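Dear colleague,

Please find the structure below, handed over for your records. My notes on it follow directly after.

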There are 2 protein chains.
Amino acid sequence: MPFNTQILLDNRPVGEAVASNFKCITVETPALTDGQVLVRHHYLSLDPYMRGRMNDNKSYAAAQPLGEVMIGGTVGEVVESRHPKFAPGDKVVGMGGWQQYSVVNAGEPGALRKVDTTHIPLSAYLGAVGMPGVTAWYGLVKIIAPQAGETLVVSAATGAVGSAFGALAKARGCRVVGIAGGPDKCAYAVDELGFDACIDYKVHPTALSLSKALKAACPNGIDGYFENVGGIVLDAVLSRMNAFGRMAVCGMIAGYNGEPLPMANPALILINRLKVEGFIVSEHMEVWPEALKELGALVASGQLRARESVAHGIESAPEAFLGLLKGKNFGKQLVQL
Amino acid sequence: MPFNTQILLDNRPVGEAVASNFKCITVETPALTDGQVLVRHHYLSLDPYMRGRMNDNKSYAAAQPLGEVMIGGTVGEVVESRHPKFAPGDKVVGMGGWQQYSVVNAGEPGALRKVDTTHIPLSAYLGAVGMPGVTAWYGLVKIIAPQAGETLVVSAATGAVGSAFGALAKARGCRVVGIAGGPDKCAYAVDELGFDACIDYKVHPTALSLSKALKAACPNGIDGYFENVGGIVLDAVLSRMNAFGRMAVCGMIAGYNGEPLPMANPALILINRLKVEGFIVSEHMEVWPEALKELGALVASGQLRARESVAHGIESAPEAFLGLLKGKNFGKQLVQL
């Protein structure tokens with residue numbers, strides 16, 4: 001059986017996550033038993049939620065156990081199968097983790113899904129046509145539920161979720177304003193992703209400054225917000241929300257490393273009769289087929305061309321992941337294996 | 001025409017509201033024109049929302065204009081009518097303001113409503129069977145939407161809204177825990193209003209201390225919260241919310257006097273996939289008939305026996321209102337005229 005290099009969580013971060021939290025080992029893949037499939041991973045997905053799993057505190061998801069392979073979405077190819085529905089050569093998406101191969105009990109619901117790469121590149125199933133895309137779809141369609149002509153804002157706009165959010169919102173006739181870090185990302189959001197405007201948070205170090213920039217970019221106020229970051233970005237957007245605005249809370253990456261980040265003025269939730277709702281897309285599997293159908297069509301037609309940052313080799317995963325947490329990636333962060 | 005003593009807003013509070021913000025004058029009531037009704041007020045309602053109106057900042061409601069009669073709900077009796085649907089002796093509820101009499105254009109939708117005092121005391125139409133009762137109903141039924149057996153918490157539990165919330169929630173088979181100030185109010189909540197427990201926030205000066213008390217009173221966590229106060233009470237409740245909990249945000253009285261009060265850890269909205277929704281009951285007039293019907297039945301049957309604090313004479317309104325803001329009232333605060 002082939003050798004398999006894996007990245008384990010060795011110890012938990014104290015404050016910021018660092019490379020020494022991870023450990024790299026190589027093991028032989030075990031022989032398959034009935035119902036199992038051996039998958040060789042082509043791409044590993046790196047996502048902000050993984051940082052939350054590294055902590056041991058109460059969270060919405062079980063903590064990543066120490067000494068085990070880091071959790072993560074993967075796309076790849078079946079190389080050996082003892083399950084009747086899978087054959088060598090099948091392209092599949094699953095939760096294979098930070099490793100080169102995985103052994104999957106293919107009969108478990110949701111464990112492994114065959115995908116068609118005729119019109120959609122395999123890696124897109126980890127981004128626009130995968131969990132990040134469905135995340136954007138759920139927050140937009142099920143929580144924000146926009147009307148054409150409304151103004152929507154998304155933070156981390158050029159990431160995998162943000163870029164899908166932009167395409168989905170434009171398709172519904174909304175004005176879409178992004179928030180991203182640096183002039184390159186902001187230009188890309190407008191020129192390539194079709195955002196109406198994009199604000200560089202790096203030139204707005206305070207909530208007040210960012211609030212003024214939002215006022216200029218959103219002359220009719222903000223009706224819907226897709227939250228990925230928290231902190232002063234949240235405070236600034238909250239100050240510009242219109243009455244009856246909706247906020248889909250998907251991530252608060254700004255607070256992952258340490259003390260909780262407060263919300264400066266929660267009374268605005270009352271004053272503007274806002275709805276603020278947190279969600280995790282994996283708890284809403286019933287929407288995935290509908291969402292993936294729309295997302296797949298947008299990608300196949302070229303209306304959603306999401307950028308990817310690709311690191312190479314499983315050993316590069318920790319560094320690429322730490323860069324993602326600091327916004328060094330540009331678009332969906334992948335590791336090619 | 002009779003003389004009418006009125007309380008005007010003379011100047012806006014700087015920080016805490018004080019008696020000198022108000023001014024008392026006496027004028028003669030004007031002669032009626034066609035379609036008008038003269039109402040003699042029996043009771044004036046004092047409510048926390050009035051404090052927000054005294055400020056000039058952007059809020060959900062127009063600021064109370066300076067030099068005009070303070071806004072307020074009233075119940076009373078028609079003493080003269082030039083409208084065909086109202087006759088002297090009719091008992092009516094309206095927004096007559098802080099004064100002894102009001103002249104009402106009775107044909108305007110919602111301006112004046114006749115009420116039946118056979119089984120329901122007139123003053124209850126300002127409390128349990130009025131705006132505060134419908135406020136509790138909307139937050140409970142339309143936002144929290146509880147299942148029998150869930151645990152619900154309400155702050156300002158012995159006030160007009162809180163006591164109605166308790167009765168409505170018990171009628172739906174929920175465990176209901178109040179938060180109130182002082183041992184008398186807490187005993188009253190449990191012994192008279194039927195709460196399962198009530199926590200005295202005055203013995204819990206920090207969010208952590210209050211959170212521990214909530215853990216003891218809510219062994220299964222908190223599924224729904226009706227927010228009237230904000231500040232550390234909100235932080236403490238947030239720390240005990242269950243996954244998929246709902247928070248109806250009706251008031252944040254703790255922050256009315258000055259700087260916004262932050263929410264310490266908004267990431268909990270995501271971690272526990274909460275829905276947090278602000279509302280103003282006057283924007284949901286479509287639910288009033290259904291809500292008033294249920295509330296009226298609870299009062300008529302004795303299942304909801306809301307306590308009243310009654311001040312006497314229009315001149316006592318400012319002092320009674322300032323006491324309300326400090327929690328000196330016990331139950332619904334009224335002024336008998």
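This is a predicted model: local features need pLDDT of at least 70, side-chain atom pairs count only at pLDDT 80 or more; totals for chains, interfaces and linings use all residues.

Residues are numbered from 1 along each chain as its sequence is written, chains are lettered from A and ligands numbered from 1 in the order in which they are written, and side-chain values use heavy atoms, with hydrogens and water left out.

Chain A is assigned domain 1 (3–126 + 306–336) and domain 2 (131–282), with bounds that come from an automatic or database domain assignment. Between the C-alpha centres of these two domains of chain A the distance is 28 Å. Their contact (heavy atoms within 4.5 Å) takes 19 residues from domain 1 of chain A and 13 residues from domain 2 of chain A.

Helices (H or I, at least four residues) and strands (E, at least two) are DSSP runs, numbered from the N terminus. In chain A, the axes of α2 (residues 131–144) and α3 (residues 160–171) come within 8 Å and cross at roughly 50°. Axes here are lines fitted to C-alpha atoms, for helices over the stretch in contact, and angles run from 0 to 180 degrees between N-to-C directions. The two helices, α2(A) and α3(A), are therefore oblique to each other; angles under 35 degrees count as roughly parallel, over 145 as roughly antiparallel, 65 to 115 as roughly perpendicular and the rest as oblique. Among the residues that make the contact are Trp137(A) and Leu140(A) of α2(A), and Phe165(A) and Leu168(A) of α3(A).

Two residues of chain A other than glycine have positive phi values. Ala156(A), with phi near 50°, lies in the loop between β8 (151–155) and α3 of chain A. Ala156(A) is partly exposed, at 37% relative accessibility (buried means under 20% relative accessible area, exposed over 50%, partly exposed in between, with a 1.4 Å probe and protein chains only). Phe244(A), with phi of about 65°, belongs to strand β12 (residues 241–249) of chain A and is partly exposed at 43%.

In chain B, Leu66(B) sits in the loop between α1 (49–54) and β4 (74–81). Its relative accessible area is 44%, so Leu66(B) is partly exposed. Leaving aside neighbours within four places in sequence, Leu66(B) is in contact with Leu9(B), Asp10(B), Asn11(B) and Arg12(B).

With kind regards
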